[in-house]
Amino acid sequence: MKTTISVIKADTGSVGGHNRPSDEMVAKASERVAGAIQSGLLIDARVSFTGDDIALLMTHTRGTDNSDVHKFAWDTFVETTKIAKSQGLYGAGQDLLKDAFSGNVRGMGPGSAEMEIEERAAEPFVVFAGDKCGPGVFNHPLFSCFADPYHNAGLLLAPEMHAGFTFTVMDVNHTESDRTITLKAPEDYYDLCTLLRDPNRYIIASVTENATGLIAAVASTSRLHNIAGKYVGKDDPVAIVRTQKQFPSTGEILSPWALAQYTLGDNRGSHHVAVMPVKQNTIISFFDGPTVMSAAGYCVHEGKLTGPVDYFDQPFWDVIREKATEKTLAMREQGFFNPAMGPQDEMEYTGVMENLKRLDSRFVKKEGDTAK
Ligand code: F6R
Ligand code: MG
Ligand code: MG
């Protein structure tokens, strides 16, 4: 039996600004997944939130991109939107960018990460969910845990992993269709680095193991701005990563998050701040952020989930949270000056472009200046 693990998340409205869904919205999502388990659509599920995004973790046997599962998730978000509207919450239905469901949530607003696996005897995995994040926030940590022995000591110590991993990277600026490239580590190491250095355009979509071809990780790749053509909220990606044995250990997967990397997100999706690793169901606060990431561990057996283990709910991460705060404050001291505020082609709101256009006519050229 093959098991599919699907994570689909959306911001469908929140209390007190872009902050967190209401208890009633989360209860509605939980009630609906319980019904879907009862009806046999799903084997198991968990509902959580990170900032203003509700994430549905679902297991089933229908494969990835299954229209019944995607429709169920879409309808669930339509229901939570109704509650948000009835409570007068902010941004109700924010991530539901299309009026009617058409087969698959991809390209419709909600983020999704899915993998179909032949379960190992023990099948541990991690689900990451971020809020106020850039779309490529997983580039650094996935690259580091699958290709960098600084974090994945197993690349040197565990013979199973010595052959490395293959990365499928998507060019998310190509909106007409999915445009991907497949690069192998260690063979294509520098080419991989060349792309991953730009996490707003080139985004890791999946990782497979070279020795076995097994799927190791998947991440959501949607850019809401590219779907809607304007700012409608931050992309807030999710990822699923298999751990242990032939894959990096859980600790190796978590290790890169100690960097508290800078990402383009936070206030108005337009500021560079440090990613803070947080407990599941954490709210948003400072400067509409800080950008947060949660990590939950599970085991799946015949589709049944055990967990979560809330990995960032551990004293080690208190120090990293302080580090993230300090890095964010250091950048915030610089206010709107780049790179604190992002570059103009990455501005999520249109204000800067409109102001520049208006100011353009007020520029004066020096008399007699022949410079083009
Ligand atoms: C960032 C975010 C917030 C909003 C900001 C303004 O992802 O959600 O920073 O951009 O609070 O929101 P609006 O434009 O909805 O008033
Ligand atoms: Mg929101
Ligand atoms: Mg969000």
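Okay, quick ground rules: the model is predicted, so to speak of local features we need pLDDT of at least 70, side-chain atom pairs count only at pLDDT 80 or more, and totals for chains, interfaces and linings use all residues. Residues are numbered from 1 along each chain as its sequence is written, chains are lettered from A and ligands numbered from 1 in the order written, and side-chain values use heavy atoms, with hydrogens and water left out.

Searching the whole structure gives twelve aromatic pairs, where rings of Phe, Tyr and Trp (its six-membered ring) pair if their centres lie within 6.5 Å; planes under 30 degrees apart are stacked, over 60 edge-to-face, and the rest tilted.

Take Phe125 and Tyr298: they're stacked, 5.6 Å centre to centre, with 25 degrees between the planes. That pair links distant parts of the chain, 173 residues apart, with Phe125 in strand S5 and Tyr298 in strand S14 (strands being DSSP runs of E, at least two residues, numbered from the N terminus). Phe125 is buried at 1% relative accessibility, and Tyr298 is buried too, at 6%. Buried means under 20% relative accessible area, exposed over 50%, partly exposed in between, using a 1.4 Å probe and protein chains only.

Now Tyr189 and Tyr190: edge-to-face, 5.8 Å between centres and 85 degrees between planes. Tyr189 is partly exposed at 26%, while Tyr190 is exposed at 67%.

Ring pairs also join Phe128, Phe138 and Trp257 into a cluster.

Last, charges over rings (NZ of Lys or CZ of Arg within 6 Å of the ring centre and within 35 degrees of the ring normal). Lys327 has its charged end over Tyr262, 4.8 Å from the ring centre, and Arg332 lies over the face of Phe287 at 3.8 Å.

Definitions and conventions:
Helix = DSSP H or I, 4+ residues; strand = E, 2+ residues; numbered from the N terminus.
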